Protein chains: 2
Amino acid sequence: MAIGFLIHKTLFSKTKCVKPKVNLDFQKDNPKVVHAFDIEELGDKAVYCRCWRSKKFPYCDGAHTKHNQETGDNVGPLIIKRKDA
Amino acid sequence: MAIGFLIHKTLFSKTKCVKPKVNLDFQKDNPKVVHAFDIEELGDKAVYCRCWRSKKFPYCDGAHTKHNQETGDNVGPLIIKRKDA
């Protein structure tokens, strides 16, 4: 019985490690998620998410902190700002 | 012998699936990779990478296409541009 379990687990387990996705759940029906913003519309400062875990994506909501803690990653946002902002 | 292999593979295999990192190799000695740009310094158009596979990171070099094909992901860049660019 145990052997059967081990064989099954090794050969058929769904948790096969495939190359990891970066975006786990944002607009998964969209073939490629691209965002474009006009410089003229930007305020003094915009902080854009690059960890794809933000609930306010494409904007950063600090979710990278939890992601980095959970995975040992080191991702952080992209900041576009006026010089004196 | 085979059973030993199966037990070893199940219990000790390094390919244990941990939560995936987003950034696999960019500045891994940096605790958090953040980029900031002044609006005044931007040209007509800047395309920023969000898949963390670009060889020109933080700028996009199209690497998301290969990443999306290999993983079934759907990530794409962030574009900051002048209205008429």
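Predicted model: local features only at pLDDT ≥ 70, side-chain atom pairs only at ≥ 80, totals over all residues.
## How the two copies sit

Start with the overall arrangement.

## The nonpolar cores

The largest nonpolar core has 18 residues, and the ones touching the most other members are A:Trp52, A:Phe57, B:Trp52 and B:Phe57. There's also a second, separate core, this one of 14 residues, with A:Leu42, A:Ala46, B:Phe37 and B:Ile80 among them.

Setting aside neighbours within four places in sequence, its contacts in chain A are A:Val22, A:Asn23, A:Asp25, A:Phe26, A:Val33 and A:Phe57. A:Trp52 is also in contact with B:Arg50, B:Val75 and B:Gly76 from the other chain.

## Aromatic pairs

Over all chains, the count comes to 10 aromatic pairs. Take A:Phe26 and A:Phe57: their ring centres are 4.7 Å apart and the planes are at 50°, so the pair is tilted. A:Phe26 lies in the loop between α1 (2-12) and β1 (33-38) of chain A, while A:Phe57 is in the loop between β2 (45-48) and α2 (63-71) of that chain, so the pair ties together parts that are 31 residues apart in sequence. Both A:Phe26 and A:Phe57 are buried. Bring A:Trp52 back in, and ring pairs link A:Phe26, A:Trp52 and A:Phe57 into a cluster.

Over in chain B, B:Phe37 and B:Tyr48 make another tilted pair, at 5.3 Å centre to centre with 35° between the planes. B:Phe37 belongs to strand β1 of chain B and B:Tyr48 to strand β2 (residues 45-48) of chain B, so this pair ties together parts that are 11 residues apart in sequence. B:Phe37 and B:Tyr48 are both buried, and B:Phe37 is one of the residues in that second core.

## A look at B:Ala36

B:Ala36 sits in strand β1 (residues 33-38) of chain B.

As for distance, B:Ala36 and B:Gly72 are 36 residues apart along the chain, and their C-alpha atoms are separated by 30 Å.

Note on methods:
Residues numbered from 1 in each chain as written. Chains lettered and ligands numbered in written order. Heavy atoms only, no water. Core = buried A, V, L, I, M, F, W, Y, C linked by side-chain atoms within 4.5 Å. Buried < 20%, exposed > 50% of the residue type's maximum accessible area, 1.4 Å probe, protein only. Contact = heavy atoms within 4.5 Å. Helix = DSSP H or I, 4+ residues; strand = E, 2+ residues; numbered from the N terminus. Phe/Tyr/Trp six-rings, centres within 6.5 Å; stacked < 30°, edge-to-face > 60°.
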